[in-house]
Amino acid sequence: MAKYELKLPKMGESVAEATITNWLKKVGETIEAEEGVVEVATDKVDTEVISEVSGVLVEIRCQTDQVVKVGEVMAILEIEGGQEAKQETKTVVAAKEIEKEITEIKETTLQTESLNFEGSSSERFYSPLVKSIAKKEGISLQELEKIAGTGADNRVTKQDMLDYLENRAEASSGIQQNTMIQTPVMQTEISAERKSELIGKGNELIPMSRMGKLIAEHMTHSKHTSPHVQSFIEVDMTRVWNWRNKVKNAFEEREREKFTFTPIFMEAVAKALIEYPMMNISVEGSTIIKKKNINVGMATALPDGNLIVPVIKNADQLSLRGMAKVVNDLATRARAGQLAPDEVKDGTYTVTNIGSFGTLFGTPIINQPQVGILAVGAIQKVPAVIETPEGDVIGIRHKMILSHSYDHRVVNGALGGMFIQFIAKYLENWDINRQL
C-alpha cells in the first residue's frame, strides 16, 4: 500500500492560506476519488477540498479552526500503488514554496523567541516572521497593533508588513498615494471587565462571524480608499415589466427555473460597460488599469445575513437566456455555500438588487478594487405624466430608481451620470417583441 498526502490546493492567485472549518471524513473511513474530505474557508469563499485518489484516511494532521498554508499536508490516505505519481507532479511547486517558507521562519525563530517589544505584551498573535520584520524595521508593539491583518482571524501576514513598510516609506518622503491606503484596524476585542459590565446591564454580546469580520474590514477599506460619489436616476420599467410577464411562464416551463429581473439588469450593465469602458477599470497607485474582460459581480444575500458576490465572467458575451441560467446557478450555489474560489474573484463591476427587500434606493459601497457599483431599487406602480402626440396624460407606470456609487478619484460626475443614463434608456426602450 502507498501513502497519499492530501494538501491544501491553490485557491486563487491572492489566497495563501485557509482555515479548516469541518472534516467530512474520519480516520478509518474510505474515500473515493473526487470525493470531498474537508471543508476550508478563505477570506473569499468557503469550499471543499477533494481527494484525487481513492483510499482510506489513516491520519488527520490539521484540526478544525487551524490555519493551513497552500501546499501544507492536512491528512494522509493509504492507497493502492500507482496512484501517487499523479499527486507528486501536481504538488511539487507548492511543496517547494512551503519548504522555502518553513526555512525562512526557522531562520527567524531564534531571533524572535525573546522579542517582547520593549517589555510589552499583546493578546494578538504574531508569527515569528512578522516579529522579525518588526524588530528589523524598528516597529514598536503599539505601531504593530495598528496594522490591519488580512490573514485568518485578522492575523498580520508577511505581505501586510511589506505593504505597511512601503506605505510608511512613501509617506515619510512626501509621496502622495491614491491607493494602498492603510485600512483602519477594527477595534480589538473588548476586555473581560468591559464584557462583564455590559452583561451586567442586561446586554447580549454577539461575536461577529468570520465572514462578518471580513466584510466589515472590506467595507471600511473601501470607504477609506475611494471618495464615494452617488448619482440617481428614475427608470420607467413598464415595457420590461410587461415583456417579462409575457415570456416568463414559457421560460420557466422550458428551463425548469425562474426568470427574474436580475439577468435583465446584468445585461443592461454589461452593455453600458461596453459603451463606457472607463467604468470597467481599477486603480493601482497612480495607474489606471483598463480591464479587457467584463466580469459583473452579483451581490447575493446569504441565509445567515452575510453577503457574497459571485462573478458572471464575460457577461457581455452571454445571451439573455444564458445570463438567466448563470444568474440562477450562481445564486443557488452561493446560498448553499458551494461556490468555488474562482467564482468570486476578478469582478470588474458589481450590481446589488436592494429592491428585492422593498428598498427604493441606497448608497452602496464600492467593491474594491472596482470603481463602481449599481444598486437597483424596488419597482413600484406610480402615477406619471405620459407624453403623447395629443398632449400629456396621467397614467400608471412601473418605475424604479438606480443608485450609482463611483470612485471620484477616476470617475467624474459626467461619466457616472452618463453610465446610468445609458442603462435607464436601455431598459426604457426594451424590445417588447424580443424572443427569449
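**Close-up views of a predicted model**

View 1. Gln 368 counts as buried because its relative accessibility is 12% (buried: under 20% relative accessible area; exposed: over 50%; partly exposed: in between; 1.4 Å probe, protein chains only). The model is predicted, so local features need pLDDT of at least 70 and side-chain atom pairs count only at pLDDT 80 or more, while totals for chains, interfaces and linings use all residues. Residues are numbered from 1 along each chain as its sequence is written, and side-chain values use heavy atoms, with hydrogens and water left out. Gln 368 lies in the loop between strand E16 (349–352) and strand E17 (372–376); helices (H or I, at least four residues) and strands (E, at least two) are DSSP runs numbered from the N terminus. The side chains of Gln 368 and Ser 226 are joined by a polar contact of 2.7 Å (a pair of N or O atoms within 3.5 Å; within protein, one must be able to donate a hydrogen and the other to accept it, and residues adjacent in sequence count only if both atoms are side-chain atoms). Beyond its neighbours within four places in sequence, Gln 368 is in contact with His 218, His 221, Ser 222, Thr 225 and Ser 226 (contact: heavy atoms within 4.5 Å).

View 2. Helix H6 (residues 210–225) has 16 residues and spans 23 Å from first to last C-alpha, close to the expected 22 Å (1.5 Å times one less than the number of residues). At the start of H6, a side-chain oxygen of Ser 209 comes to within 2.9 Å of the backbone nitrogen of Gly 212. Gly 212, with 11% relative accessibility, counts as buried, as do Met 211, Glu 217, Ser 222 and Thr 225 in H6. The cover over the buried residues of H6 includes strand E9 (228–236) and strand E14 (307–308). Gly 212 and Leu 307 are separated by 95 residues in sequence and by 8.6 Å in space, C-alpha to C-alpha.

**View 3. The open sheet E1-E8-E6-E3.** Four strands form this open sheet, with antiparallel pairing (two strands pair if DSSP finds at least two bridges between them). Strand E1 (2–7) and strand E3 (30–31) are its edge strands, each pairing on one side only. E1 pairs with strand E8 (residues 73–79) over 6 bridges, and Leu 6 stands opposite Ala 75 in E8.

**View 4. The two faces of strand E5.** Strand E4 (residues 36–41) pairs with E5 in the antiparallel sense over 5 bridges. Ile 50 in E5 is the bridge partner of Gly 36.
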